[in-house]
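Please read it alongside the sequence and the coordinates.

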Amino acid sequence: MAPSVKYWKGEEELLRDQAFTTAQKNEFAEDLPLQEVLEESNFELNSSRRDFLKYFGFSVTAVTLASCFKAPIRNAVPYLVKPEEITPGVPLYYSSTCGGCSTACGVEVKAREGRPIKLDGNGRSLISNGNDRSAEAKGGLCAVGQASILSLYDNERLANPLKKGSESDWTTVDAEISKSLNDLAAAGSGIAIVSGSLHSPSTLKAIADFSSKFSTARHIMWDAVSYSGILEANETDFGKKLIPSYYFDKAQVIVSFGADFLGTWISPVEFTKAYVRNRIPAQGKEMSKHIQFESNLSLTGTNADERFPMKAGNEGIYLAALYNKIAQAKGGRQIQVATSGELAGNSLAQTADLLLKNAGKSLVVSGSNDPKLQMIVNGINMMLGNYGQTIDLDNYSNQFKAVDRDMDALLADINAGKVGGVIFYNVNPVYSHHQGKAFKEAIGKLKLSVSFASSKDETASACAYVCPDNHFLESWNDAEPKANQYQFTQPVISPVFNTRQAQLSLLSWSVGIQNPEQDPMADKQIMNQRFQTSPFYTYMQSVWQEKLGAENFQTHFNQCLHDGVLTSEPKPVMVPAYATDLSSMGSYLDSTVSKEGQVDLVLYQKVGLRDGSMANNPWLHELPDPVSKVCWDNYVTLPKALAVSKDINLGDTVNIKAAGISLNNVPVIIQPGQANGTIGLALGYGRTAAGKVGGSAEKAIDSVGVNAYPFFQGSNSSRSLVVRGVEVSKGDASYTLAQTQTHHTIEGRNHVREATYADWKKNPKAGNDEPKPHMYTVWQTPEYRRKGATGHLWAMAIDLNACTGCGSCVVSCSIENNVPIVGRKEIILRREMTWIRIDRYYAFSNDGVVIGKTNEHFEGPYLTKEKGIAALDKELAAKQGAAYAHYENVKVVHQPMMCQHCGQAPCETVCPVLATTHSTEGLNQMTYNRCIGTKYCGNNCPYKVRRFNWYRFNNNSNFDYHFNNELGKMVINPDVTVRTRGVMEKCSFCIQKIQEGKLKAKREKRSVNDGEVKTACQRACPANAIVFGDLNDEQSEISKLYRNERGFHVLEELNVQSSVKYLTKIRNTETV
Amino acid sequence: MRVLHQLQSKFRLAGFVALIAAFPSLNAQDAKKGKEIFDANCASCHGIQNRGAGPALKDVHNRRSEEWLLKWIKNNEALRKSGDAQAIQVFNDNGGAIMPAFGSLADADIKDILGYIKEESAKAPKKAVVAPGGVDKKDETPDSTLYVLLALIGLFLVVFLLLARVKRDLDRLAAAGQGEAIDETPKGNFIQRLLPGPLARMNPVVLTMFALSIFGILGFVQFYEYGLSEVGVQKGYAPDQPINFSHKIHADEYAIDCKYCHSTADKSKSASIPALNTCMNCHKSVQARDKYDGEISPEIKKIYTALDYDPEKPANEAYGKNPRPVRWVRIHNLPDHAYFNHSQHVNVAGLTCQTCHGPVQKMEKVQQWSQLTMGWCINCHRETGIQVAQNDYYEKLHEKVKADIAKNGDKSKYKDKNGRVVVTAGMNGGLECSKCHY
């Protein structure tokens, strides 16, 4: 059965936009940047003929003279005393815990000669492996975690403590703060420590010690984006203010109301790992079904089997409707709502049916921050018997603990003069609180204000003292992300700057633990004794001695540090007592219903930047958003219908106004899948004191994006992500977004394949059963591809069912392979450098009307020349009774795309200098030093995966990212060449890792074990979607996957014999 | 330069022999035997005038009784355990450094040693005798020598030409004097007249071309060498190092294995310059004082300075707080885009260090022996065999080779023209770009 689906990457492709078609035909999307290249600092060519003769004469003489000179002297400085564990040239791996967010994934840190260069998931950590307690569990890490290593080498971090904005030293700062704290406590004035969610036992003890020393001290947790709604709902329902553990792998039916659990919600890596376990169609195991109701098209929504656009403002009544349907079946009391809640095509009723059929094996989650809605969700899960099965309140999560009301209370207390001193730890309320301005003024009133921020962020700039915290790779710490499941953080590098970890600062002011004495040897980077003597290490040990017992303590503790985790058996899961009566909630829900024509703004976090705390990290900006494929900005996502009615096109801007706050000239994209009557805007952008990357008012660097936090407020206790009744009008300005969605397009060709689960059960080759095209080749099959070949034949398989499109692989690849960051301007010119991209394809789905029935309209190739999209729009509008309703109902396929290492590679045959050749291990080799930059290869590549270095990106002040300062360069992988201007580059299948793996095997006189060589993308993937290995090893995982019926090569008909096999996407729906 | 070095070291050796010969002959029988025993057993830790790992032994016979010394030397641990206050004192004074027990020495032997110490103690500290050539002069670069030579050759050429012309004129005048007819109009042009006879008879165009091509070749050679050095090819590069470390002494005379110091060569991409702590394994006690009039060798002193180590302190004390790392000059510099791994070559291929680095053990001062160009690498990969039989990694390849030879006999591609079985690195993909460039 030939797929009847027409895929498109963006509206410009769908509408055959002129700019798009022109750009596609041209070899280069823009004119060549000759002038800019020539103006690069070391390329002065402004000279006349006379000058030329002079220079010529001079250089001939110079060359003659220079032949007397020697090449520059290079020095080698060995260790004076080599640390025993270090072998120069051989990496060391340490277990630690990611500090990118409070989710606390376990990480494995790769360090070369004492400098960390790569982070990956630790398979032992229950967070990074998604509660997999088996021995072969694999750890994943998200894009934020991958990129967080760059923050360590950020040269804009504070190098010293600050006092009133100017540099000071620890002794002065400590003395003054201690005195101030004592004065405050003596005067009975309150002291508050405001931190993000904390679950580190040692840190919490340090704070407790602080609080017991200063009687007026209290500790408040506050998160920029909180889960206040769930916490409060659980407090009301179960008397426990906590977030349960969700087991997505145990659920046969997953229903999510706007919760982006694969992208940003609570613990995305953990959830992705668990979710994917049940998403691979396999014999003897039922694939789960995932239904998503949402307004913005989220990463999770793109992966759903069924996705229904839902107006977020009405979520309450939809939840109530679902509740009532289940309650009706179960014989419970219903919620009395006046407004009938049903979505198009009885989808709620059908969802209720599915949930009831899978009672106890289902999971309903909601991304709302409204405690009342979360209580309904609790009620639904309780009726279905999901507690104790897929929801676990006994082995709960500690990852987010903050409720919003605490911060409002603090602000009131400061203004009332009850609190005289505040210490900010990992929070930046001046930026991320909706009353940021009020906070800034309040901080001014304080007698003592301290921030632990590692850079001079918005809050730190307002504080009298800044005591910069270490990066997590420089710190000792522990964590308890899940109840009784511990993780450890150990330093991998000595502090780069004169910083001190926050816990030590607190302890030095309270119990008088002093700053570690600077080891003079450490300064000279010779012999580092500093960590052994870190007082916080000793402190942490004393905390752990109580837990582990004194007997064999050091051995036991060292084992914990080695593993990075201390996992214990989970507690038996109980069904909690529940007696909440929801029946009276109806009037509240009725009051929330959106009026006709009202537009709701739905705030969300981007998969890359999240809450914006790492806004100075260029990789997170450069990573295209998994859904919109926009880099370097946030923007308003508009539904097509609204855009048409307001005459807003791509490149325009809008003004939005709600609750007395307005944002003007915000860039827009028309987002397929955006529910009509809603718009979306990402939080975390618009920083004014992030630094040279994220924006800094002090340095006159424009903010990246706009700050949406002022909208994130709530009338009752918890802040609401939904802003009701937004006025949207077209702005005056125009703005070009750096959107990669149609770059490198391979439009018009059949590149993704999908089938329904039902069809797959009947025929495992479903969706992939196109007759093989006739292949002709003028080449002989090389020896290494014949049977009985002795060497390796490297290949990759990517399961489109597993890949969620999260983008972790993109960042991982770039860091492993020293890929430069090019910035917004270059991306607009289609010059992004990433070796791996994730192509996101849209297709109109089956109207979203009926689950389980085919829709005759979407059969066959409906997008024909004669018909055109405009005619289709009209026809569908008539059918659906609303304009552009089909734009709401798109389905998405994510396809990671990198060099396919073709056996008969088109790039190789056109290179005039043999810079790209084939190896006997099936690799398409790129030799930079042979390349003369003709770009023929790039043009001849059917997959468009070759990248040209338009500039020398290192040491180039126009690209002031990590490659342009001494500190930032520390992250460079020493085993991979840093490319220069004028050469092509592309995915190498991580050849450096292949060579390393082979060499290890040779040294140990054995063959290479399967799974020993892992590419950077594979290692990072939280979904285990990528498998790499040797095809000449019959037993390898890759060989097994190559025999899988779902496997296909992209553009197989070209007979380029690609080495990457994709596995057909199987959707658990009745229709494709 | 190498010749010069060899000369220098010969001189140095000669000086050393002279020094030994200058010693007054030893008269006491027991002291002579004592020296032998001392050298064999004690000298690695003790000096007479100076301390090594253990204290200096000058006048030890006055400080301690012979009976005590016998006990101490035979088993100092037992003596300490017996509660002997002196023994414990000595042990503590030297920072608890453990001296091995010498139970195997007979009392007479120990007495001989003491005799030797007694005799040595009586002598004044040695006078400095600097061996000729012992101090390295700053080397002149070979390039400047070449230029001086070239300039001289040029000068001589001009002088020669002038003289030739003078001779010609004189000959003509002489001929005129003898009444022979003088050809008033000399044949040929100015240059031809300038040149001596045989050259003048040659075609001037050919001659000019010839001269130009000689200059051209010389120029090209210069330019080529310059070009090579510009791209990092610097064969023969032997820079001065901050410490005049002699591989000849260490690797040849003392036959210390290369991998004792370059210990990571078989497990890492980098063979690594040893940490100075490695030097101290020996140089805590080896101080070459005999060559420097009782003073520590200035080169060894550089190690102590670098580590901020005080040789007068007990041997196991930590280094000082003010170390100054040594900045060696890198000799072997591969370009950044070439990946080279020592362990692949040393461990897997089993090559000796000398294959690429040349006879380092004969080098007073290390120089780059090989060209280290890609062509040089590739040639070796084309010629050098893989040890397929000894390494299970190559099991499949080995089977294939065996099968191929069984099938094709001498015509097998795995046999060279002499009939030897050769499986080269090149045959196994060792010539492919991304084996070294990525």
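This is a predicted model: local features need pLDDT of at least 70, side-chain atom pairs count only at pLDDT 80 or more; totals for chains, interfaces and linings use all residues.

E2(A) and strand E3 (residues 106-112) of chain A run antiparallel and are joined by six bridges. Residues are numbered from 1 along each chain as its sequence is written, and chains are lettered from A and ligands numbered from 1 in the order in which they are written.

**Antiparallel sheet of chain A**

- Tyr93(A) has Lys110(A) in E3(A) as its bridge partner.
- The sheet is open and has three strands in the order E2-E3-E4 (chain A), with antiparallel pairing.
- Strand E2 (92-97) and strand E4 (115-121) of chain A are the edge strands; each has a single partner strand, so one side of each lacks a neighbour in the sheet.
- From one strand to the next, the twist averages 30°.
- Helix H5 (residues 143-152) of chain A lies across E3 and E4 of chain A and runs at about 165° to E4(A). Such angles run from 0 to 180 degrees between N-to-C directions, and axes are lines fitted to C-alpha atoms, for helices over the stretch in contact.

**Parallel sheet of chain A**

- Another open sheet has four strands in the order E12-E11-E10-E13 (chain A), and its pairing is parallel.
- Its edges are strand E12 (306-309) and strand E13 (362-366) of chain A, each with a single partner strand, so one side of each is left without a neighbour in the sheet.
- The twist here averages 10° from one strand to the next.
- Helix H12 (residues 347-357) of chain A packs on this sheet and touches strand E10 (253-257), E11, E12 and E13 of chain A; the direction of H12(A) makes about 140° with that of E10(A).
- Strand E11 (residues 289-294) of chain A is joined to E12(A) by four bridges, the two running parallel, and Glu294(A) stands opposite Pro309(A) in E12(A).
- E10(A) and E11(A) also run parallel, joined by five bridges; Ile254(A) stands opposite His290(A) in E11(A).
- How enclosed is E11(A) by the rest of the structure? Six of the six residues of E11(A) are buried, so the strand is largely enclosed. A residue is buried if 20 or more other C-beta atoms, placed from the backbone, lie within 10 Å of its own.
- On one side of E11(A) the buried residues are Lys289(A), Ile291(A) and Phe293(A), and on the other they are His290(A), Gln292(A) and Glu294(A).

**Helix packing in chain A**

- Helix H11 (residues 315-330) and helix H13 (residues 371-383) of chain A pack at an angle of about 25°, with axes 10 Å apart.
- H11(A) and H13(A) are therefore roughly parallel to each other, the term for angles under 35 degrees.
- Residues of H11(A), including Leu319(A), Tyr323(A) and Ile326(A), meet residues of H13(A), including Leu373(A), Ile376(A) and Ile380(A).
- This contact of H11(A) with H13(A) has 11 nonpolar, two polar and two charged residues. Ala, Val, Leu, Ile, Met, Phe, Trp, Tyr, Cys and Pro count as nonpolar, Asp, Glu, Lys and Arg as charged, and the others, Gly among them, as polar.
- Helix H7 (residues 201-213) and helix H20 (residues 535-548) of chain A cross at roughly 100°, and their axes come within 10 Å.
- That makes H7(A) roughly perpendicular to H20(A), the term for angles of 65 to 115 degrees.
- Pro201(A), Ser202(A), Lys205(A) and Ala206(A) of H7(A) make the contact with Tyr539(A), Met540(A) and Val543(A) of H20(A).

**Chain B and its contact with chain A**

- Chain B has 19 helices and one strand, and buried residues make up 18% of its 438 residues.
- In chain A, 48 residues are in contact with 53 residues of chain B; two residues are in contact if their C-beta atoms, placed from the backbone, lie within 7 Å.
- H32(A) gives the most to the side of chain A that touches chain B, with six residues.
- That side of chain A divides into 22 nonpolar, 16 polar and 10 charged residues.
- E1(A) pairs with strand E1 (residues 328-329) of chain B in the antiparallel sense over two bridges, and Asn75(A) stands opposite Val329(B) in E1(B).

Technical notes. Two strands pair if DSSP finds at least two bridges between them. Angles under 35 degrees count as roughly parallel, over 145 as roughly antiparallel, 65 to 115 as roughly perpendicular and the rest as oblique. A residue is buried if 20 or more other C-beta atoms lie within 10 Å of its own, exposed if 12 or fewer, and partly exposed in between; C-beta atoms are placed from the backbone.
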